[in-house]
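Me: Got a model open here and want to go through its pockets and rings. Can we start with the pocket?

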Amino acid sequence: MRVYVPLTLPGLAEAHKTGELGSGPFVAYAVTPALREWYVSEDIEELEYAALSRAALASLRLLTADPDAVRRRVVVAVDVADGAATADPDRGLDPAALGEVTVAATVPLAKAAAVHVDAGDAEADVAAAAGALEAADGGDDGAQFVVDGAEDHELLWYARQEIPNLVDLA
């Protein structure tokens, strides 16, 4: 099962240093039954892109908690064994939890299929979105427009071997 792990650049640097993603149960995003129902598509690539987008939003939330982090969203795509990631059925239809799964154990970073990171030109929009996220969560349409501005930036794809170069950005 492919899961998408939201991080920040300092979080990626820590994972690179330890060689591990997460430390026991951690949150990731995947194609869950609720995400399939919400997205209404049978195209697995579209569904995986939706899960990646949910992880990018979670990465934005991590940035709001770390004001010193470079304002770039980071998502690590990793394959885990079936059953290693589970969705909470009680939160399945909660819009805030769409695609959310819990990965039970630490995952070696060496299993990463790819890393997705914002380009440098997205930093201003990502910083603005991080600043507007709380108001957007509260229903402010103007703030939601700012958050959506970050989503207009496609995350760039990097191979696992490029992680040392990405860590230098932190």
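Reply: With nine residues, α3 gives the most to the lining of the largest pocket. Helices (H or I, at least four residues) and strands (E, at least two) are DSSP runs, numbered from the N terminus. This is a predicted model, where local features need pLDDT of at least 70 and side-chain atom pairs count only at pLDDT 80 or more, while totals for chains, interfaces and linings use all residues. Residues are numbered from 1 along each chain as its sequence is written, and side-chain values use heavy atoms, with hydrogens and water left out.

Me: How much space lies in the largest pocket?

Reply: About 600 Å³. A pocket, on a 1 Å grid over the protein atoms alone, is an open set of points where a 1.4 Å probe fits, with protein on both sides within 12 Å along at least five of seven lines; lining residues have an atom within 4 Å of a point. The volume is the space filled by probe spheres set on the points, which are joined across faces, edges and corners.

Me: What is the lining by class?

Reply: 17 nonpolar, four polar and eight charged residues. Ala, Val, Leu, Ile, Met, Phe, Trp, Tyr, Cys and Pro count as nonpolar, Asp, Glu, Lys and Arg as charged, and the others, Gly among them, as polar.

Me: Back to Arg54. Where does its charged end sit?

Reply: Over the ring of Trp38, 5.9 Å from the ring centre. The rule asks for NZ of Lys or CZ of Arg within 6 Å of the ring centre and within 35 degrees of the ring normal.

Me: How many aromatic pairs?

Reply: One. Trp38 and Tyr39 form a tilted pair, 6.2 Å centre to centre with 50° between the planes. Rings of Phe, Tyr and Trp (its six-membered ring) pair if their centres lie within 6.5 Å; planes under 30 degrees apart count as stacked, over 60 as edge-to-face and the rest as tilted.

Me: New topic, α5. Which of its residues are buried?

Reply: Ala143, Val147 and Ala150. Buried means under 20% relative accessible area, exposed over 50%, partly exposed in between (1.4 Å probe, protein chains only). The buried residues of α5 fall within an arc of 45° seen down its axis, so they line one face of the helix; the arc is that of the directions from the helix axis to the C-beta atoms.

Me: And what does the face turned away carry?

Reply: The exposed residues Asp141 and Phe145.
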